[in-house]
Amino acid sequence: MKLPELQIPHLYNGRFILRTVVLTQAVAIVLTFAPGMHSDPWYRLGLISLFVHWVMLVTTLALSLLRDRVNRLPPLAILAACTVIFLAITVLLSGIAFNWLQVQQAPLQQSFSAFMLANIMIALIIAVIAIQFFIMHAERNQQVRAQSQAELSALQARIEPHFLFNSLNTVAELTQIDPNAAEQALINLSALFRAALNAGNIVSLADELKLSEQYLSLEQWRLSDRMNIVWEIPAQIPDVLLPALTIQPLLENAVRYGVEPSADVAELKIVLIESRMAVSIVITNPICTQGVSNGGNGIALSNIRQRLQLHFGGLAQLHTAANGPLYRIKLVLPKRVH
């Protein structure tokens, strides 16, 4: 059986930790009330819960620290490495727990070797079950990724003709009045379509912002004084990776549905806000209800959310809101986890 592409996800995730804690406690309850156990069940539940939660926390920490190294391995080696790490931590903590119980003079019904063997067998069973879920999760991700890529291709097919015709008209006009500007416009247009051909790639935030700037320069030539672009971007752009063509489609929506229909000068504002754990990109454009069909500003949002989910899990967010006369999009990207 050919294994799907496997990658250990980011484990610094509140939902992941909560689910793991719940499943770990469920394992503790099953072990406590297993047939043949005659000691005080609540005392056993406390000890077993303490032990299995420590195994879970230490294993999660170890996988988080070794994530980048392990993910460079082939799929089968990733499964083997995760199993070995889990078993090694189980053996280490089992030895510590047995010695601690002896010091506390707790009633022990097993010898050291029997205690260790029982814990290793239980850990192996849990590891096999976890591997099955890991493979099922990876297979589902592959299916969703393929569907997302198909939807992205369809999305590009809807967006590109509109943008292409506008850009070519702009270049044609510039050749008559400013040949140098026409040449730069063609360079920018080439960069955008090169990015479209590599839409499945992962790029740096700096490259994505540069591409967005090239796109807006084309629209600025076309719309001239009708659009006022405000950039509030620091000189040092954070080292963040994201799927290509994440920000540019948001700006394209802002221009098409907020700037083009506006009778007055429209301000398009792009702000980058950096915090300790994340980077936020806030895009603000005017709301124009005249001449705009329903659904404006939503053409690419579902696709972008899906691509962010595939790359970041639940760590990235895309929020939209209408605040009075302004439409606001906030893209939150987590900083890289090493």
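**View 1. T32 at the end of helix α1.** With a relative accessible area of 3%, T32 is buried (buried means under 20% relative accessible area, exposed over 50% and partly exposed in between, with a 1.4 Å probe and protein chains only). T32 is found in helix α1, residues 14-32; helices (H or I, at least four residues) and strands (E, at least two) are DSSP runs, numbered from the N terminus. Look for W42 as well: T32 and W42 are 10 residues apart in sequence, and their C-alpha atoms are 8.1 Å apart in space.

A word on what you are looking at: this is a predicted model, in which local features need pLDDT of at least 70 and side-chain atom pairs count only at pLDDT 80 or more, while totals for chains, interfaces and linings use all residues. Residues are numbered from 1 along each chain as its sequence is written, and side-chain values use heavy atoms, with hydrogens and water left out.

**View 2. The whole protein, before we zoom in again.** The protein holds 9 helices and 7 strands. Of its 338 residues, 41% count as buried. Among the contacts in the protein with a separation of 6 or more, 74% come from residues 24 or more positions apart; contact means heavy atoms within 4.5 Å.

**View 3. Strand β5 and its two partners.** Strand β5 covers residues 278-286 and is mostly covered, with 9 of its 9 residues buried. A278, S280, V282, T284 and P286 point one way from β5, whereas V279, I281, I283 and N285 point the other way, and all are buried. One partner is strand β4, residues 266-274, which pairs with β5 in the antiparallel sense over 6 bridges; two strands pair if DSSP finds at least two bridges between them. β4 and β5 form a hairpin, with 3 residues between them.

**View 4. S280, a closer look within β5.** S280 has its place in strand β5. Its relative accessibility is 9%, so S280 counts as buried. What does S280 touch, not counting residues up to four places away in sequence? The contacts of S280 are V271, L272, I273, K330, L331 and V332.

**View 5. Helix α4, from end to end.** Helix α4 spans residues 75-103, and at 1.5 Å a residue its 29 residues should span 42 Å; the end C-alpha atoms are 42 Å apart, which agrees. The expected span of a helix is taken as 1.5 Å times one less than its number of residues. Following α4 comes Q105, with a positive phi near 55°. Within α4, you can pick out T83. T83 counts as buried because its relative accessibility is 17%. Leaving aside neighbours within four places in sequence, T83 is in contact with A127 and I131. As a reminder for tracing any helix by eye, an α-helix has 3.6 residues a turn, so residues three or four places apart point the same way.

View 6. About 240 Å³ of space lies in the second largest pocket. On a 1 Å grid over the protein atoms alone, a pocket is an open set of points with protein on both sides within 12 Å along at least five of seven lines, a cavity is a set where a 1.4 Å probe fits but cannot get out, and lining residues have an atom within 4 Å of a point. Grid points are joined across faces, edges and corners, and a volume is the space filled by probe spheres set on the points. The second largest pocket is lined by 12 residues, with A191, A195, V203, D207 and L211 lying nearest its centre. Helices α6 (179-197) and α7 (205-223) each supply at least two residues of this lining, and α7 gives the most, with 5 residues. The lining divides into 5 nonpolar, 3 polar and 4 charged residues (Ala, Val, Leu, Ile, Met, Phe, Trp, Tyr, Cys and Pro count as nonpolar, Asp, Glu, Lys and Arg as charged, and the others, Gly among them, as polar).

View 7. S224 is found in the loop between α7 and β2 (227-232). Phi of S224 is positive, near 55°, in a residue other than glycine. At 38% relative accessibility, S224 counts as partly exposed. L245 lies in the loop between β3 (241-243) and α8 (248-259). L245 is not a glycine either, yet has a positive phi of about 60°. Is L245 buried or exposed? With 7% relative accessibility, L245 counts as buried.
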